[in-house]
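Subject: Structure handover

Hello,

Here is the structure you will be taking over. Please open it first, then read the notes below.

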Amino acid sequence: VELERCTLSPTAIVLAERRGKFAAVQALLEVSWQPFMEAVSVAASAVGADPDLWDWEELGAQMREEALKGARPMGALLMVKSEAHAVLLKELIASQVVAPEELLIQDM
């Protein structure tokens, strides 16, 4: 089984939560989701979008909920209401925060 192709395998955050490893959930959010959202905020500034819309302090709880549902950061990002998704995605790819291949990975 190729892990990249197995749609039934949960994300690390989902697995940690299911096993009651709440400190691991928090650590995974801090080392993956929070830096991603901070990079999104920087990219938003670069394209003239509102960087405050992507503030971790504001969105952290919502992103945690999405992560525990099996969403990946890109999928959760697109759930945030914004008129700047297209230009923001282009900036994230151009600044190599997101690889184009990541856009093809399915959320749970």
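A salt bridge here is a side-chain nitrogen of Lys or Arg within 4 Å of a carboxyl oxygen of Asp or Glu. By that rule, the structure holds one salt bridge. Please keep in mind that this is a predicted model.

**The salt bridge**

The partners are Glu 66 and Lys 69. Their closest N and O atoms are 3.7 Å apart. Side chains of opposite charge can pair when their charged atoms come close. Lys 69 has a relative accessible area of 56%, so it is exposed.

**The overall fold**

The chain has five helices and zero strands. Read along the sequence, its pattern is α-α-α-α-α. There are 108 residues in the chain, and buried residues make up 31% of them.

**Helix H2 and Trp 56**

Helix H2 covers residues 22-46, and Phe 36 lies in it. Phe 36 counts as buried because its relative accessibility is 10%, and buried means under 20%. Trp 56 is 20 residues from Phe 36 in sequence. In space, the two are 9.4 Å apart, C-alpha to C-alpha.

**Helix H3**

Helix H3 spans residues 56-68, and Glu 58 lies in it. Glu 65 is in helix H3 too. How accessible is Glu 58? Its relative accessibility is 62%, so Glu 58 counts as exposed. Glu 65, at 48%, counts as partly exposed. Glu 65 also pairs up in distance terms with Ala 76: eleven residues apart in sequence, 9.4 Å apart in space, C-alpha to C-alpha.

**A negative patch**

Which residues form the negative surface patch? They are Glu 38, Asp 50, Asp 52, Glu 57 and Glu 58. So Glu 58, exposed at 62% relative accessibility, is one of the residues to look at there.

**Helices H4 and H5**

Leu 77 has its place in helix H4, residues 73-77. At 1% relative accessibility, Leu 77 counts as buried. His 85 is found in helix H5. His 85 is buried as well, with a relative accessible area of 16%. What does the side chain of His 85 reach? It reaches the backbone oxygen of Leu 77, at 3.3 Å. Leu 77 and Leu 89 are twelve residues apart along the chain, and their C-alpha atoms are separated by 9.7 Å.

**After helix H5**

Helix H5 covers 85-94, and Gln 96 lies in the segment after it. Most residues other than glycine have a negative phi. Gln 96 is not a glycine, yet its phi is positive, about 60 degrees. Is Gln 96 buried or exposed? Gln 96 is exposed, with a relative accessible area of 71%.

**Where to start**

Begin with the salt bridge between Glu 66 and Lys 69. Finish at Gln 96 and its positive phi.

Best regards

Key: Residues numbered from 1 in each chain as written. Predicted model: local features only at pLDDT ≥ 70, side-chain atom pairs only at ≥ 80, totals over all residues. Heavy atoms only, no water. Patch = residues over 30% accessible without salt bridge, like charges linked within 9 Å, V, L, I, M, F, W, Y side chains within 5 Å. Areas by Shrake-Rupley, 256 points an atom, 1.4 Å probe, with all protein chains shown as cover. Lys, Arg positive; Asp, Glu negative; His and termini not counted. Charge placed at Lys NZ, Arg CZ, Asp CG, Glu CD. Helix = DSSP H or I, 4+ residues; strand = E, 2+ residues; numbered from the N terminus. Buried < 20%, exposed > 50% of the residue type's maximum accessible area, 1.4 Å probe, protein only. Polar contact = N/O pair within 3.5 Å; in protein donor to acceptor, adjacent residues only side chain to side chain.
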